[in-house]
Amino acid sequence: MRWREAIQRIIALRKLALEKDPSAKPGSGAQTTALTTATSTTDADSQANDAGVSGRLVDYFIVFGVHPPKEFEKVNFSLLSEEQIESVLRRAQVFAGIVDRYPREDYKDCPVSDVWTSLAFPTGILLSWVRRQPKSHFAVVTFQDGRKCFLTFLQFDQPMSELLDMPPSLSGKELYTPKAICLVSQYPHLSTFRKMLSQLYSVASTPSCSTPVERFIAQITLELPLPIPEKMGISVMISDPGDPVRLSVSPLRDPLTSRLPLRLLFDILGVDSILGILSAMIFEQRILLHSNSLSALTIVCQTMLQVFYPFQWSSVYVPVLAELMLDAYQCPQPYIQGVHTKYLAQFTELNDIVLVDLDHDVIRCSSPLPRLPQIAGGALWTRLGEVMERMSSERDNVSVGADDPYSVSASSKFDREVTTAFLTFYADLCSGFRRFLFFINDVPFFNGSGFLKSKNLDEGAYNFLAKVIESRAFDGFLEQESEPSLYNDFLATGNPEVLLKIHEIESRSVEHYQLTPPKPVPGGRMAQAKHAFAKPLRQEYLNAGERVRLSRPLQNAMISQSDQIQYYMSRIFANEGLNEKDVQSMAYLLQNDDARQCLASILRQPQAKGPDLCLSDSSFESLAATLQTMLQCCHHVDDYVNATGVLDAATKFFCEDDNGDRVFIESAIRDHPIWNRQSFWESFMQQAMSSAPARPDKREDFVVDWLMNAAHRMLTYRVAGDDVLGVVQRLCSQHNVPESRVDELRKLVRNAEQALAID
């Protein structure tokens, strides 16, 4: 994982551990919250947003439902028949919208839209005299800057009598209207969010549960940290202590790539249909999927993007078209869109559209689909067929007490085999492309004609590959070559050892950080409502959420020492400062050589903070305490190499006093006893000599100039003049400085000593 991504994730994680001013709220003033309603936007969150990565795992919890019009208050429903009641209430669909949400204010990088109501009820508000089972579906929203927002819905029925505060009909039957709860995130962990919603619904529907559902909602939206690839997963317990919601992320794939089980795709479609969609994606055609199941639409869309990886679909992408968006199917640009089958009759112009019927596993289009290359495509078809056959055999042979083929382990095995098949197909097409790729100012240029000639293909495969290298997906893939991943390496070489390494890294287990469950509250259950989320969320329980605190040993167990040091320094450089516990954590970390080496490396960077090296008072004090601790640890173990990094920061960082004068950080460290160690200055000079010129005369001038500067620093740091002269003479002897130059240095040291004494 790249350093920048690591820092963004560490910052986002640790932000959750800080208790901020409770009065700060999202959208207040010029700031918006980053991770909690009590935390304002930070530089770290801005950097994450600039990079297209959100610092929050979950943005919102939203309740969608019917807003009954005031006119209904005048209706005496007890005098109406069931048909009359249904006729009157059907007008309520006009008033569907957001009935509750948390947080209450918008984040600037992910504003809530009223259009989301149509996504919550993509088939409209349908009333029923029979209570329907809860069902889930997903939606994807694309912002103007290209970022995506993923909405996971759980739709369930609410009695209209409770909504309108009226008794049931005279016959005892109840009329139900749909309601939906939703988690909004900029990360596509759809199956995880679906499980969270299911368990939240269970808590809200269980009268015996004494922990307010609002506590769980606050924990999910405010306190849930981002998983850290290869370092930390998260685990949160909601309704079932034996079945916590667990989440970890791929260390190799883009964090915005979903990880739904690929068996879901093969449960819906056969191999022929999957490869037909793949061909249409490669040729950038307009693809319209339809089904009676809204979940199936998003599952197929998302899993097709997964098997398309490391190529990425950069055109229009709307897995579920709401009723108000049906005209979008006429978009002339390439797209992947999904729609409920009941709306298909309204689509009159379907020429040049690849129409995929998910319910019957059929693809229809006005012209034949492009065929995959005979050799590579045939090999892919055979591999996938074998995987499907094994899965079917395992399913048929499962017995009582045997491992469930749909368990996590079985799903992982199936995903690995399917991923191998697709990656091998892409490698068959693309191997050797790096010989024809070069960069000018980080812009990729690809010799496509030379690449095609080198492949020695038949006419069909040649024409297919020619279309591939002209696609936007391939252009995006080439842009990744500036920082290639192992996936790029495999496509470039086809080396099976690289593929094994990919699977080995992807299958590594990580420690899951368990969030402490909210505490029960007497009278905390939603006792005033008979059904889940029938009443507004109670603010007193939303505000009472307990902030996450990561203990020092737990941090070290999950996150590398270097990542923690980088995080703490990024907070100092962002002028946020460190609290007392953070300073103690730094002292704990700096007892280790790796942590000291990391800190020294950061301090030696030419511009560790940026062009503005002025620190706030709190950050200045935090940096001073950090450097004092660093010197103390180095002094204790004679670690002079890393201690020299402190000198690089001494005259770099400063704060301003009440008069506007600069106070440099060296004022806080000049009295440390390490400066009286001759071994320290010898180590400092040894590092400096690595950049000394080779010519003897130039080298001598370099040594003398360096010694003069070092002597001035020693005097500044309260080293006695005689001790300074002793160090200078010893170093002059080691580097064969002529006696005349040594006398010159002695005079300069004495003059500097007198000048500093006068000051």
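Among contacts in the protein chain between residues at least 6 apart in sequence, 71% join residues at least 24 apart. The model is a predicted one. Its chain contains 28 helices and 17 strands.

**Chain totals**
- The protein chain has 759 residues, and 53% of them count as buried.
- Its accessible surface comes to about 34500 Å². Carbon and sulfur atoms account for 49% of that surface.

**Helices α26 and α27**
- Helix α26 covers residues 696-716 and helix α27 covers residues 721-734. Their axes come within 10 Å and cross at roughly 155 degrees.
- That angle makes α26 roughly antiparallel to α27, because angles over 145 degrees count as roughly antiparallel.
- The crossing of these two helices, α26 and α27, is right-handed.
- On the α26 side the contact is made by W706, L707, A711, M714 and L715. On the α27 side, G721, V724, V727, V728, L731 and C732 take part.
- By class, 10 residues in the contact of α26 with α27 are nonpolar, one is polar and none is charged.

**Helices α20 and α22**
- Helix α20 spans residues 561-573, and helix α22 spans residues 593-604. The two axes come within 8 Å, crossing at roughly 35 degrees.
- The crossing of α20 and α22 is right-handed.
- From α20, the residues Q561, S562, I565, Q566, M569 and F573 meet D594, A595, C598, L599, I602 and L603 of α22.
- The contact of α20 with α22 has eight nonpolar residues, three polar ones and one charged one.

Technical notes:
Residues numbered from 1 in each chain as written. Predicted model: local features only at pLDDT ≥ 70, side-chain atom pairs only at ≥ 80, totals over all residues. Heavy atoms only, no water. Axes fitted to C-alpha atoms, helices over the stretch in contact; angles between N-to-C directions. Helix = DSSP H or I, 4+ residues; strand = E, 2+ residues; numbered from the N terminus. Parallel < 35°, antiparallel > 145°, perpendicular 65-115°, else oblique. Left-handed = near helix turned anticlockwise from the far one by under 90°. Contact = heavy atoms within 4.5 Å. Nonpolar A, V, L, I, M, F, W, Y, C, P; charged D, E, K, R; others polar. Buried < 20%, exposed > 50% of the residue type's maximum accessible area, 1.4 Å probe, protein only. Areas by Shrake-Rupley, 256 points an atom, 1.4 Å probe, with all protein chains shown as cover.
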